[in-house]
Amino acid sequence: MANDAVADSSLRVVAPAQSGTPDDPVRGVLAAFTNDLVNGVDETLAAFLATEVDSLAEIDAAMGGFAATARDCVLAGGKRVRPTFAYWGWRGLTGGDAPLPAVLPALAALELLHTFALVHDDVMDASDTRRGRPTAHRAAAARHRAAGHTGDPERYGEAVAVLIGDLCLVWADRLMAHATVPPVRMLDVRRCYDQMRVETVAGQFLDVLGEHDAAHWSVDRALRVARYKTAGYTVQRPLLFGAALAGAEADTPLIAAYTRYGLAVGEAFQLRDDLLGVYGDPATTGKPAGDDLRTGKPTVLLTLARQLADPAQRRALERAGTVTEAREVARLADVVRETGAVARVERMIADRVAEAQAALDTAPIDGTARTALTGLATAATTRRA
């Protein structure tokens with residue numbers, strides 16, 4: 001594996017004011033704070049997946065192509081947000097002297113878990129693109145057509161994507177086992193990891209349910225979806241996962257601070273996602289704008305808009321989930337903004353970032369980690385992608 005690339009190195013850190021770029025603050029901060037980490041994660045994933053793909057190719061040539069597609073889904077970009085938060089959760093306890101290679105496989109495994117969730121989520125949402133490329137199920141359907149196979153290409157594509165997601169979930173477990181962490185400590189790590197996965201499934205189910213029961217959805221319930229589908233497995237649980245890798249004990253001030261920070265930043269991250277899902281630039285986000293309006297997904301943004309709308313606006317918003325034309329979607333986006341829901345969500349994001357920063361103020365963690373997490377709280381919630 002490629003652990004030697006980051007052996008015993010201390011990640012390069014700069015002050016938050018010097019990091020980020022106007023075009024992509026998340027990528028700027030991650031590059032400034034954790035360039036070595038992100039490279040190490042990518043190299044670890046590439047080396048691990050090369051072996052896995054070769055092994056599966058021995059079963060059948062078609063199996064090799066399938067495994068290569070799964071590999072490409074993992075390595076097709078992304079900001080490596082979850083391994084990054086896990087790293088700083090670990091670094092907050094260990095400081096800058098602990099060797100990173102020991103835990104790097106566990107950090108990289110979170111990216112495999114993330115790919116599992118993305119691929120399945122794209123099937124459930126019938127999404128066409130991800131990171132500027134066709135989603136796994138759309139790409140598989142296209143290959144089915146090109147090969148002249150029999151049967152329904154869309155159904156085939158969805159089946160292949162489900163299997164790709166399943167394979168990534170198994171790969172995550174296998175890669176995590178490569179971490180050189182004491183067995184007793186790894187039990188605590190696994191408990192945190194398992195809870196993260198259970199909560200992700202719970203949040204995903206509520207997300208699916210909401211699309212089919214939007215009339216009975218509330219802002220509180222939409223926030224609950226954000227809390228379990230995104231906040232837990234994007235920020236909060238990765239932080240606690242990293243703390244467990246460092247041997248943190250439960251019910252300590254540090255765990256309380258991580259929990260408070262992670263929930264606040266994670267919810268703000270999803271709220272920003274809600275805004276980007278309607279108003280984001282597809283060239284930057286890699287996904288079509290307005291998908292949430294096309295499906296009528298009861299995000300916090302859309303649920304708030306329905307609550308704040310006057311009768312005429314409410315009638316217009318009732319079309320969410322039925323519009324398909326870009327012009328109609330754009331008009332609905334204007335109506336959402338006119339209700340004041342966008343401004344309200346922006347305030348909710350700002351409040352949560354302030355809450356996260358307050359949680360860090362007295363947290364008993366390494367100073368460098370505090371600086372990084374402070375910068376990431378802002379960067380992760382002001383991003384454009």
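How many of the residues of helix α8 are buried? In this predicted model, where local features need pLDDT of at least 70, side-chain atom pairs count only at pLDDT 80 or more and totals for chains, interfaces and linings use all residues, the answer is 22 of 27, and α8 is mostly covered. Residues are numbered from 1 along each chain as its sequence is written, and side-chain values use heavy atoms, with hydrogens and water left out. Buried stands for under 20% relative accessible area, exposed for over 50% and partly exposed for what lies in between (1.4 Å probe, protein chains only). Helices are DSSP runs of H or I with at least four residues, numbered from the N terminus.

Helix α8 spans residues 219-245 and bends by about 70° at Gly232; the bend at a residue is the angle between axes fitted to the seven residues ending there and the seven starting there. After α8 comes Gly247, with a positive phi near 90°.

Helix pairs come next. Two packed helices are described by the angle between their axes and the distance between the axes. Here the axes are lines fitted to C-alpha atoms over the stretch in contact, and angles run from 0 to 180 degrees between N-to-C directions. For α5 (residues 136-147) and α6 (residues 153-176), the axes come within 7 Å and cross at roughly 130°. That makes α5 oblique to α6, given that angles under 35 degrees count as roughly parallel, over 145 as roughly antiparallel, 65 to 115 as roughly perpendicular and the rest as oblique. The crossing of α5 with α6 is right-handed, meaning that the near helix is turned clockwise from the far one by less than a right angle, with anticlockwise for left-handed. Residues in contact (heavy atoms within 4.5 Å) include His137 and Arg138 in α5 and Tyr156 and Ile164 in α6. By class, this contact has eight nonpolar, three polar and four charged residues. Ala, Val, Leu, Ile, Met, Phe, Trp, Tyr, Cys and Pro count as nonpolar, Asp, Glu, Lys and Arg as charged, and the others, Gly among them, as polar.

A second pair joins α9 (residues 253-279) and α16 (residues 367-379), whose axes come within 10 Å and cross at roughly 20°. That makes α9 roughly parallel to α16, and their crossing is left-handed. Tyr258, Tyr261 and Val265 of α9 touch Leu373, Leu376 and Ala377 of α16. The contact of α9 with α16 has six nonpolar, no polar and no charged residues.

Finally, Val198 sits in helix α7 (residues 183-212) and is exposed, with a relative accessible area of 53%.

Conventions
Helix = DSSP H or I, 4+ residues; strand = E, 2+ residues; numbered from the N terminus.
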